[in-house]
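Hi everyone, thanks for coming. Please take a look at the structure on the screen, and I'll walk you through some of its parts.

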Amino acid sequence: MIQLKILSEWTKTPVDRRIFGNFIESGFGRQVNGMWSEMLYNRSFRIVPEYKSPTWEWLGLDKEHYDSRAPFWHSGYEEFDWEPFGKPKIGHTCGTHTYKGITACTLMNEVEGKLCGLVQKEIHLQKGREYCFKLFAGVQGDIAAAGLNGFGDTIHSTQKHEVRVQIGSQEIVFGLTTVSRNYDWIFKVKESMIADIRITFSFKGTMILSFASLMPADNMDGWRKDVVEKLKKAAPSVVRFPGGCFTSFYNWESSVGDRNVRESQPSFYWGGLEENDVGLDEFLHLSQLVGFEPQICFNMMTSIPFKARQMVEYLNADADMGMGRLRMLNEHLEPYGVKLFEMDNEPGRKWTAEQYAKECVRFAREMRLADCSIELMMAAYSYAPELLPKMLEIAGRDINYVIYRNGNPEFVEKILPVIREYNLKNKTNLKLVNTEWLPSCHSIEPFEDPHMPLDFVWSGKITNDYANIFSTQQISWNYALNGAHRLLDYMSYGGEFALANFNNMCNTWGQNIIEATKETCYLSCMGQIFAMFARVFEPCFSAKVDTGDSRVFALATKTIMGKEQLFIINHSGKEFEALLPSKDWICEDGLRGKGRMVHETSETSCITKCMVKLEDTKISIPPLSFLCLKRI
């Protein structure tokens with residue numbers, strides 16, 4: 001029998017819900033795509049860039065192995081680009097006859113009466129749902145002088161040319177003219193099906209396609225209703241956006257305004273196409289729907305301080321001031337009041353520690369001309385911890401938070417004294433944060449599969465070993481228990497540790513809190529952990545607990561309102577009998593996994609509710625469980 005002993009020291013300041021943050025990175029892992037209601041891939045008909053090596057190295061897979069054989073796979077990862085039908089000549093305009101961005105797709109049919117066009121496979125339709133389809137298109141008129149890509153005159157005609165759109169058993173015919181415009185179609189599905197969408201025509205001539213869109217009619221201004229519901233259960237407190245590596249190439253002004261006008265853009269670091277339907281306004285709308293606090297990671301490496309200032313104005317200024325007027329013209333009258341801003345991502349790729357600290361000062365002072373109340377985070381993690389005092393000497397008075405991506409107690413206990421010393425000397429109140437964290441893939445006991453390593457460390461190598469890659473480890477209940485352990489570590493640091501963002505939110509091979517398939521959305525194992533914390537956590541003081549056994553971890557807390565709680569994790573596949581530190585405890589909430597490497601799916605759950613009964617000061621801690629006790 002083990003005995004749980006609360007150590008005498010309690011944290012001096014309480015920790016709050018900001019430690020249960022999350023992270024959305026655009027252009028990576030089908031995160032935004034999975035949460036957004038758009039059902040068409042490449043709706044702007046662009047040439048899609050290949051995924052780059054960082055994506056395959058992160059996965060540990062090559063393109064040929066990235067398919068339904070992978071254990072993490074579901075329909076949300078599938079991408080089916082447009083394919084030609086009937087051998088049309090395909091081209092792209094540049095600069096005219098466009099609507100979404102500066103490019104439109106052209107399809108030329110050289111034979112009258114021959115059917116041709118574009119097809120996209122695997123459109124998932126659900127029985128009884130209503131869908132909205134849009135197509136912005138036209139046909140090429142007679143051209144004088146320079147032609148489509150120049151400044152010649154177009155000789156227009158009112159003649160209508162038939163274009164047929166078929167989605168499964170549904171179809172409609174649009175009459176296109178030489179003036180490109182929007183065509184709308186609303187239809188209801190009688191039976192669930194996986195269908196192709198075809199956009200075809202048989203007239204001799206050229207059709208011009210600017211964009212298409214297919215969304216369920218019940219979307220929440222673009223966001224999937226089922227995704228919003230699941231995110232409310234997981235209840236992330238703060239969400240970081242739009243990157244990550246995507247941030248350092250991000251022009252915020254290209255992400256606002258009419259979604260059907262915005263230019264699609266390549267994901268420069270990861271590869272692939274970012275449709276750019278989800279920009280700052282859409283992200284802020286999601287924060288309002290779900291209830292999280294927004295955290296904007298902004299571009300410093302390929303931008304300038306003045307553009308960052310304009311971004312703050314767009315988000316926070318009154319409607320009659322500066323870029324606040326642009327926000328108002330984009331139909332968002334009220335300021336968003338964003339407080340948290342992160343000063344780029346992994347700046348060591350461009351600057352030394354001293355150079356970056358000086359850039360932080362330049363950006364911070366310019367941005368605060370737009371709003372003096374914003375809170376800024378400096379990415380110290382890109383540099384050796386020994387350089388932190390010098391970085392603080394340069395930028396400490398212009399920032400509010402110091403970021404490190406190491407949440408281990410041994411590391412944090414070395415960094416916090418450096419920040420304390422600076423605060424004491426300079427009468428500041430800097431705090432430590434971790435804006436991108438992952439749990440360990442360590443297992444304290446062997447997995448069900450004896451060939452699975454107990455300590456998996458990502459190496460950035462393509463192995464194509466489904467049973468052994470990092471992403472496979474991340475979907476497991478063992479990984480989620482390690483995540484719960486790390487969140488308890490963050491609670492143990494008290495208010496000096498202010499915020500943490502788990503990496504990521506959706507569809508990143510198990511490294512997420514929700515999985516969004518094309519049919520449904522469900523909480524991952526880590527999502528279940530987040531949901532339990534959302535049910536039981538209150539801002540609190542904490543004290544470490546000695547369990548006497550490394551397989552069992554515990555933390556004692558006292559909420560600001562005086563409620564006493566005891567969090568217990570059993571990492572072992574063995575049940576433990578334990579003595580509690582005092583009487584009068586009951587189980588407030590709990591989760592138990594059915595195995596170490598099992599994971600959630602859309603059909604079945606590997607996790608059960610776990611409400612243990614206590615006898616006096618005795619408790620039986622179930623194997624592979626996470627419990628929250630409260631004192632009555």
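**A walk through the model**

Let's start with a sheet: seven strands make up an open sheet, in the order β2-β27-β28-β29-β35-β31-β32, with antiparallel pairing. At its edges are β2 (5-6) and β32 (607-609), each of which pairs on one side only. Two strands count as paired if DSSP finds at least two bridges between them, and helices (H or I, at least four residues) and strands (E, at least two) are DSSP runs numbered from the N terminus.

Before going on, a word on the source: this is a predicted model, where local features need pLDDT of at least 70 and side-chain atom pairs count only at pLDDT 80 or more, while totals for chains, interfaces and linings use all residues. Residues are numbered from 1 along each chain as its sequence is written, and side-chain values use heavy atoms, with hydrogens and water left out.

Back to the sheet. Strands β27 (residues 540-546) and β28 (residues 552-559) pair in the antiparallel sense over five bridges, and Cys 540 stands opposite Thr 559 in β28. Lying across β29 (564-570), β31 (585-593), β32 and β35 (625-631) is helix α12 (residues 525-536), which runs at about 165° to β31. That angle comes from axes fitted to C-alpha atoms, for helices over the stretch in contact, and runs from 0 to 180 degrees between N-to-C directions.

Now for helix α4. Is helix α4, residues 280-290, mostly covered or mostly open? Mostly covered: eight of its 11 residues are buried, meaning under 20% relative accessible area, whereas exposed is over 50% and partly exposed in between, with a 1.4 Å probe and protein chains only. Among the buried ones are Leu 280, Phe 283 and Val 290. The buried residues of α4 pack against α3 (225-234), β16 (238-241), β19 (293-298), α5 (305-316) and α6 (323-329); contact here means heavy atoms within 4.5 Å. Just after α4, Gly 291 takes a positive phi of about 100°.

One of those neighbours deserves a stop. Five of the six residues of β19 are buried, so β19 is largely enclosed by the rest of the structure. Strands β16 and β19 run parallel, joined by four bridges, with Val 239 opposite Pro 294 in β19. Four bridges also join β19 to β20 (residues 340-343), again running parallel, and there Phe 298 stands opposite Met 343.

Next, the nonpolar cores: sets of buried Ala, Val, Leu, Ile, Met, Phe, Trp, Tyr and Cys residues joined through side-chain atoms within 4.5 Å. Which of the 140 residues in the largest nonpolar core touch the most other members? They are Phe 72, Phe 341 and Met 491. Helix α11 (residues 477-492) gives the most to this core, with nine residues. Apart from this core lies another, of 32 residues, including Ile 123 and Phe 133.

Phe 72 also belongs to an aromatic cluster with Tyr 51, Trp 56, Tyr 66, Trp 73 and Tyr 77. Rings of Phe, Tyr and Trp (its six-membered ring) pair if their centres lie within 6.5 Å; planes under 30 degrees apart are stacked, over 60 edge-to-face, and the rest tilted. By this rule there are 42 aromatic pairs. In one of them, Phe 201 and Phe 203 are tilted, 4.6 Å centre to centre with 40° between the planes.
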